[in-house]
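Biologist: I'd like to go through this one label by label and hear what stands behind each. Can you take my questions as they come?

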Amino acid sequence: MAHDDPYKRIIERCGNGRVALPDSELLVPLLKLRFTPKEAEFLSRFPGIPRTMDQLTALLNITAEELRTTMEPMIRKGFIRAFPDNSGTRYAFTDPMFFFYRMPGWKGEDDAWNRKIAPLINKYYVNHLGAEVLGYPSRGLRTIPVGKTIKDTRQVLPYENLLEFVDREDYHAVSPCPCRHRHRLDPDAPPCKHEMDTCLHFGMLAHYTVEYGMARKISREETLEILKNAAEAGLVHGISNTKTGMDTLCNCCSCCCLLLEPVKMPHLAPGKHQRSNYIVRVNHDTCQACGLCEKRCPVDAIRLKDKEGAPKQTEGKKLKPKDVKEVAYDPGQCLGCGVCAYKCPTQSLTLVRRGDQEEDIPETFSDLGMRFLVERGRDLSKIF
């Protein structure tokens, strides 16, 4: 690669990170829309592991004042993430999933620039980047079930309990869904009927997004109302894929979500959202074969099939759906989200634990990041 080209240096820089930028005729035009040459040059040298101001000034050979002036607009644009804690604030370069697909969509702006970039990032993801994101075992989000759908709540672990998570967080924020935002600005994307303000943030991420105009602060009650409406609409709750420190709670549709929408893969992806630890149990005795579960399932894991040995329709006798149809369920495809069970009119569907097929959830974001790097065969000696 030509090292005098800042955009090629950004590509090379991401190539040894959590998510690389696959080659495409769309890539450099996209980068030029997102970064100025000066921004690209600066970010190609900026660390992806959080560093203090003192560490950054030494690493980049720049004064503290010049560093602050340079970083501030890049933080607002989602290129650099600020991590405040009791000892100060650290800063890190974000990755393509953040600077292309979370920002700028969190701002939800509809202008000429957004309408120009949205179709490009959609095409680039479906045809190129999606395989890089979905072609490995670990995911950035895991499914967390709709609480009322779990049969035995005594088995629910703390990191699986949606309401417990919401209750213990003291700072809540919401943004427009960046996935729906980019689809709605793309004339070639399929239409989406779902609400926009469903991307929930908590803790440090919530403070960051509110401070820099990417989200608005909301109450616990507003958060619960958003989650209730999402469950009613058949959206999948997707939470940060860790056991501790979770900061994101998405409400995903299969037509727009980065982890659920169809992408071009060289092989079958080993999943979408990281699955929950639950599968569906069907009570065939009470099921009326109404088909609502089939309509609501986001991953086609449940459907109606013709019942073997079903009676034939005869004149004068009206058959019910359950007389000729029955539920067919694929636990391997199932996310364990509870979307089907939540609205089942006869409560014939419930969630039960997967048992010996339970998911291996990372403890922290550092653990998750390391899994991304190892699964992609990155050179850990070059991570900075």
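This is a predicted model: local features need pLDDT of at least 70, side-chain atom pairs count only at pLDDT 80 or more; totals for chains, interfaces and linings use all residues.

Biologist: What makes Asn-61 count as buried or exposed?

Modeller: Asn-61 comes out at 73% relative accessibility. The cut-off for exposed is over 50%, so Asn-61 counts as exposed. Asn-61 also has a positive phi, about 55 degrees, although it is not a glycine. You'll find Asn-61 in the loop between helix 4 and helix 5.

Biologist: What makes helix 4 parallel or perpendicular to helix 5?

Modeller: The axes of helix 4 (residues 53–60) and helix 5 (residues 64–76) cross at roughly 95 degrees and come within 10 Å. Angles of 65 to 115 degrees count as roughly perpendicular, so that is the label for helix 4 against helix 5. On the helix 4 side, the contact is made by Met-53, Leu-56, Thr-57 and Leu-60, and on the helix 5 side by Ala-64, Leu-67, Arg-68 and Met-71. By class, that contact has six nonpolar, one polar and one charged residues.

Biologist: How do you know whether the sulfurs of Cys-250 and Cys-199 are close enough or too far for a bond?

Modeller: The sulfur of Cys-250 is 4.2 Å from the one in Cys-199, its closest cysteine sulfur. A disulfide needs the pair within 2.5 Å, so this pair is too far for a bond. Cys-250 is buried too, because its relative accessible area is 15% and the limit is under 20%.

Biologist: And what about the sulfur of Cys-255, with its closest cysteine sulfur in Cys-253: how far is it?

Modeller: That distance is 3.5 Å, again too far for a bond. Cys-255 has 24% relative accessibility, so it counts as partly exposed. Searching the whole structure gives zero disulfides.

Biologist: Which residues touch the most other members of the largest nonpolar core?

Modeller: Those are Phe-42, Phe-46 and Met-71, in a core of 89 residues. Helix 7 (residues 112–134) gives this core its largest share, eight residues. Apart from that core lies another, of 15 residues, including Tyr-159 and Ile-218. As for Phe-46, its contacts beyond four places in sequence include Arg-13, Leu-60, Met-71, Tyr-91 and Phe-384.

Biologist: Which residues of helix 10 (residues 203–211) are buried, and what covers them?

Modeller: Gly-203, Leu-205, Ala-206, Tyr-208 and Thr-209 are buried. Their cover includes helix 5, strand 2 (80–85) and strand 9 (248–252). Gly-213 follows helix 10, with a positive phi near 70 degrees.

Biologist: Last one: is the peptide bond from Met-103 to Pro-104 cis or trans?

Modeller: That bond is cis, with omega near 10 degrees. Pro-104 lies in the loop between helix 6 and helix 7.

Notes: Residues are numbered from 1 along each chain as its sequence is written. Side-chain values use heavy atoms; hydrogens and water are left out. A nonpolar core is a set of buried Ala, Val, Leu, Ile, Met, Phe, Trp, Tyr and Cys residues joined through side-chain atoms within 4.5 Å. Buried means under 20% relative accessible area, exposed over 50%, partly exposed in between (1.4 Å probe, protein chains only). Helices (H or I, at least four residues) and strands (E, at least two) are DSSP runs, numbered from the N terminus. Contact means heavy atoms within 4.5 Å. Axes are lines fitted to C-alpha atoms, for helices over the stretch in contact, and angles run from 0 to 180 degrees between N-to-C directions. Angles under 35 degrees count as roughly parallel, over 145 as roughly antiparallel, 65 to 115 as roughly perpendicular and the rest as oblique. Ala, Val, Leu, Ile, Met, Phe, Trp, Tyr, Cys and Pro count as nonpolar, Asp, Glu, Lys and Arg as charged, and the others, Gly among them, as polar.
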